[in-house]
Amino acid sequence: MIALGMLAFMFYQGGRKSFWLDEMSLLGTITKDKGIFDILDQYLTIDVTNLPVFPLAAALWHRIFPANDKIMLVLPELAAFGTCIWSALTAELIAGRKAGLFASVSTALSARLILGCGFELRSYGFLVFFSTATIYYFLKRFCSAGKKCHYLYTVMMLLTIYTHYMGSLVIAALGIVDLLIIILRKKNIKRLLPYFVTVALFMPWFILMLLHKQKSISSFWPTTPTLPKIVRIIRKLLSSDELLFVALIVTFLYVIFRVIRNICEKKTTSFKHFSVLTLSWIVLFILGSVFIYSTIINPAGGFFVQRYFMELVPVMLIIDAVGISEAIEFIASKRERALRLELTAIAASFIVLYIGMGNLREVRETSSTSFETFKEASEWIKAQDGLYDSDSAVVCSVNPRATAGFVEYYIRDGAINPDLPMISLQDEDPVSDLKKYNKLYLVYVHRDMDKLEDDVMDYLADNFDIAEDDEDIKAALLVRK
């Protein structure tokens, strides 16, 4: 019910603001004139830092349903909804129903999960969904020896790694844990079979990408991170909720000291403490690996960016849920059951009222205003006369793929309206194309005109007058002199 409430809220609130550049680029990759092999080729040759599971799902969705932001966002919203369920199941597996309740409530009310996964037409929702499911089946294998669990674990790992490269770090972290279990507890090496299968099925794609890539993967735009940024990222992933951050640190430290104590006393670590330790290791491994890569190994190609760590949101919220559940058990130990129920109700209500209401307010405010006005610019253009005249063209200051996505999705309403000429001012020779037209419907969202190449700016200034210009939504009508 909690997850369904989350889904209902997302559907009600989603789609109020315009898609932004990266979403336009995705829509340009999956335009309706492209087939499956065209999409796969894009990710093997040009867009090599991304992977195909979500684009293929989005392409199918785009062909079934009309071009509508609210409807398009249902796809990632379903992934966020599923993540809430996986989080609850994982927490319940670790520490019982109370932990499952706290995990479902905190996940459903997470501003980062809703805004960064549910309201983004990108792969992060799928990454979080599949990686959380992978963690669930990793832990489930300790409770069930059935083959079905191992098969599902392998499937979820494959979907995770084919969704986003950050998924490989989740798999690597879990693989290290399994390897240590084999070494320290003398378990059968067959535990590693799912990893061998995953690597074997992913390597053909990775090798093809390295052979055919047309873009460097050694440089990237993010700046080199500093150590304080790690803490800032963790706080932001927890929606800047200080109490959740404190609960995360306290739970981690408590489990660490309990495990150390068990080792010193030669006692067996409980499944609950092992699970929290594993989840904490995933957080530390991923943050640490990306930080080291971005600061030492390849500072020019680092990727220490908040949205690349979205898969850690449910992981940390599950740790919090287990910690809160354990605190209630400690306080209510050797007391009547009614006290446990009262404390559980108080804790859940506190999460909803104190943390959740602030998060939902942030979601409403953030998701109601476009920070890149592609949708508004398209509405302005469609309201102008002469758009489909033979001497007219739509011109965008963004890259050709985003331009194609913008024109088909927003201007042509998902290829329902007639085709029309489009020009990207970041193409190889846009001036040659501009010479063919007398009327330009110009959109300069994301990249202002003063940031374009000098030859493009000079040609437009010498040959066109600005007939109309809306600087708020960054759209203009240019007419040849």
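Reader: Which helix holds W281?

Author: This is a predicted model. In it, W281 sits in helix α15, residues 271–297.

Reader: Which residues form the nonpolar patch with W281?

Author: Nonpolar side chains are joined into a patch when they lie within 5 Å. Here the patch is on the surface and consists of I176, L179, L180, I183, L184 and W281. Together they have about 550 Å² of accessible area.

Reader: Which helix gives the most to that patch?

Author: Helix α11, residues 167–185. It supplies 5 residues.

Reader: Now the space inside. How many cavities of 30 Å³ or more are there?

Author: A cavity is space where a probe fits but cannot get out. The structure holds 3 of 30 Å³ or more. The largest cavity has a volume of about 100 Å³.

Reader: Which residues are closest to the centre of the largest cavity?

Author: K17, S18, E23, L73 and F119. They belong to a lining of 14 residues. By class, that lining divides into 5 nonpolar, 5 polar and 4 charged.

Reader: What is the volume of the largest pocket?

Author: A pocket, in contrast to a cavity, is an open set of points. The largest pocket has a volume of about 1,400 Å³. Its lining has 44 residues, with V48, T49, N50, F220 and Y308 nearest the centre.

Reader: Which elements give two or more residues to the lining of the largest pocket?

Author: They are α2 (21–29), α4 (53–64), α11, α12 (193–212), α15 and α19 (400–411). The largest share comes from α2, with 4 residues.

Reader: How do the residues of that lining divide by class?

Author: For the largest pocket, the count is 25 nonpolar, 13 polar and 6 charged.

Reader: What about the second largest pocket: which residues lie nearest its centre?

Author: G323, I324, E326, A327 and I328. This pocket is lined by 26 residues. Its volume is about 580 Å³.

Reader: Which elements give two or more residues to the lining of the second largest pocket?

Author: Those are α14 (242–264), α15, α16 (312–331) and α17 (337–366). Of the lining, α16 gives the most, with 10 residues.

Terms used. Residues numbered from 1 in each chain as written. Predicted model: local features only at pLDDT ≥ 70, side-chain atom pairs only at ≥ 80, totals over all residues. Heavy atoms only, no water. Patch = residues over 30% accessible without salt bridge, like charges linked within 9 Å, V, L, I, M, F, W, Y side chains within 5 Å. Areas by Shrake-Rupley, 256 points an atom, 1.4 Å probe, with all protein chains shown as cover. Salt bridge = Lys/Arg side-chain N within 4 Å of Asp/Glu carboxyl O. 1 Å grid on protein atoms, 1.4 Å probe; cavity = no way out; pocket = protein on both sides within 12 Å on 5 of 7 lines; lining within 4 Å. Points joined across faces, edges and corners; volume = space filled by probe spheres on them. Nonpolar A, V, L, I, M, F, W, Y, C, P; charged D, E, K, R; others polar.
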